[in-house]
Amino acid sequence: MAATLPSQRPTWKALAARAREVPTHHLRTLFAADPSRGSSLVAEGAGLYLDYSKNLLDAEVVDLLIELAAECGVFERRDALFAGAPVNSTEHRAALHSALRLPEGTSLVVDGVDVAAEVHRVLSRMRAFAEDVREGRHTGATGKRLTNVVNIGIGGSDLGPVMAYEALRHYSDRDLTLRFVSNVDGTDLAEALRGLSPDETLFIVSSKTFSTAETLTNATSARRWLTDALGEAAVAAHFVAVSTAAERVAAFGIDPARTFGFWDWVGGRYSMESAIGLSTMIAIGPRRFAELLAGSHAMDRHFATAAPRENLPVLLGLIGVWNRTFLGHPAVAVLPYDQYLHRLPAYLQQLTMESNGKHVTEEGLRVDYPTGAIYWGEPGTNGQHSFYQLLHQGTTVVPADLIVVAQSLNPLAGHHDLLVANALAQAAALAFGRPAAEVRAAGADEPLVAHRQMDGDRPTNVIMLDRLTPYSLGSLVALYEHAVFVQGALWGIDSFDQWGVELGKQMAAAIVPELTDAPTDPERDSSTRALIERYRARRQP
């Protein structure tokens, strides 16, 4: 049977018809017509509470979205994901990040290999090394305790560890200094090393292939910084690797016994709970890291077993499709009302946009509908004094996810109530706006009414967790992982490849020699050729 696009299905067309009716149904009207809406369009699981009532949909639309998901095989694909089937179709790989958090003693055999057992063998080695660093048993070349940890990676090898460290800083060992280097711009490494003593610094080089240009460039410069101070023999004590390329790691001078592997079924943006999370484990300790895994596993089980109308990843994913594809909203603002989560928007940018920024289906058909949204954001209340003006009165509607934590880890008098009040008020203001009649009733001068009136109808989700812990962070991360999967499965795209990352990197490798003394490729476009010549005339020798 010839492949067809999901948009050809009758249920898709029914949803498109419902979307055309949305301008006639303001959220004010929907709430007035259904006083129980705020308690019925909600779901709870794995320690998280989702209120999706402030989206421009009703129970019938939710049912149609679930029906479309079933027709598109989303739930069968979900089961295949957890079973280890090659759901990454273009690379013929499984996507088994959920195996990273299976409880010890669980068995998951894929292609004759118990991947759960392999995961726990690596976790055991990570625990031993992390404890040795934390307790001062693993020392540097001069015998000093290693109190500085510098993680060198890029993409998922950086964004995940950075986000997790910042989110869980409250639980970290404050005697340790954690820094992260990803940008090939020399400033990133120079500033990360500023103020550190080589004899007290441990480097974690995270690169699956140990050939990523940015990571290896930074690692080589870090190695030079160390050896200039302590000599070549110090590399073995001060460098560890997270990689599968044992020969390249050994050639760099890293002890193979201090190389922590992972697998091709772990995509970079899904890898923060693999050995890529070694810096996280050193910072918060193995017990807390285990709690992080337990929270993710709880959300895995919820996603695998909960009914669709009660399933947080299913609902969040389908709402994302409704807002992006059927209502045409191009972006999502991620607004965490917790300072510890200030790196979560950047983390979700990669997770969502690298996964679902695709224009063809798995069968190679060009889609005729919008796919992945643009994710961005900042923590509240900072964003309120920055870009919320556009959220409220701009000409582009931007749905938002507001993430609220009920209990502060730093309960200063009055602070947290004010923070949460702002989050709840912003969700309500975005949804309901302020009609002109209300502005006039408040006494505004008539010339200002148009300026102070707000349309509302800005969709929001509110995700609430009781307390930011390793467990709840794991659950939150897994929620978004699976919501992204639901979206991709419904759109018919492969959420696990990233071919769009390759072209620019390949072109950069060819341009590098031309920036110094190699002849410029005569086939280059005139703009790039002129820019290369201008740079060569001005570059530092």
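## Charges over rings

R223 lies over the face of F252, 5.5 Å from the ring centre. That is one of the contacts described here for this predicted model. The charged end of R301 sits over the ring of F82, at 5.5 Å from its centre.

F82 also belongs to an aromatic cluster, together with Y270, F303, F485 and F496.

## Aromatic pairs

How many aromatic pairs does the count come to? The count is 17. One of them joins W376 and F387. W376 sits in strand β11, while F387 is in the loop between β11 and α16 (388-393), so the pair ties together parts that are eleven residues apart in sequence. W376 is partly exposed, at 24% relative accessibility. F387 is buried, with a relative accessible area of 14%.

F485 and F496 from the aromatic cluster also pair. Their ring centres lie 6.1 Å apart and their planes are at 35°, so this pair is tilted. F485 belongs to helix α20, and F496 to the loop between α20 and α21 (502-511); eleven residues separate them. Are F485 and F496 buried or exposed? Both are buried.

## Helix α4

Helix α4 covers residues 59-71, which makes 13 residues. At 1.5 Å a residue, the helix should span 18 Å. The C-alpha atoms at its ends are 18 Å apart, so the model agrees with that expectation.

D58 caps the N-terminal end of α4. One of its side-chain oxygens lies 3.1 Å from the backbone nitrogen of E60. Just after the helix, G73 takes a positive phi of about 75°.

Which residues of α4 are buried? They are V61, V62, L64, L65, I66, L68 and A69. Which helices do the buried residues of α4 pack against? Their partners are α1 (10-21), α5 (74-83), α14 (312-326) and α20 (470-491).

## Salt bridges

The whole structure holds 24 salt bridges. One of them joins R258 and D255, with N and O 3.9 Å apart. Both ends are partly exposed: R258 has a relative accessible area of 24%, and D255 has 28%. Elsewhere, salt bridges that share partners join R18, E21, D58 and E60 into one network.

Within that network, E21 forms a salt bridge with R18, and their closest N and O atoms are 3.3 Å apart. The two residues are three apart in helix α1, so about one helical turn separates them. An α-helix has 3.6 residues a turn, so residues three or four places apart point the same way. R18 is buried at 17% relative accessibility, because the cut-off for buried is under 20%. E21 is partly exposed, at 36%.

## A link across the chain

R77 and E362 also meet through their side chains in a salt bridge, 3.0 Å from N to O. This pair links distant parts of the chain, 285 residues apart. R77 is in helix α5, and E362 is in the loop between α15 (344-356) and β11 (374-376). R77 is buried, with a relative accessible area of 16%. E362 is partly exposed, at 27% relative accessibility.

Methods
Residues numbered from 1 in each chain as written. Predicted model: local features only at pLDDT ≥ 70, side-chain atom pairs only at ≥ 80, totals over all residues. Heavy atoms only, no water. Helix = DSSP H or I, 4+ residues; strand = E, 2+ residues; numbered from the N terminus. Expected span 1.5 Å × (residues − 1). Buried < 20%, exposed > 50% of the residue type's maximum accessible area, 1.4 Å probe, protein only. Contact = heavy atoms within 4.5 Å. Polar contact = N/O pair within 3.5 Å; in protein donor to acceptor, adjacent residues only side chain to side chain. Salt bridge = Lys/Arg side-chain N within 4 Å of Asp/Glu carboxyl O. Phe/Tyr/Trp six-rings, centres within 6.5 Å; stacked < 30°, edge-to-face > 60°. Lys NZ or Arg CZ within 6 Å of the ring centre and 35° of its normal.
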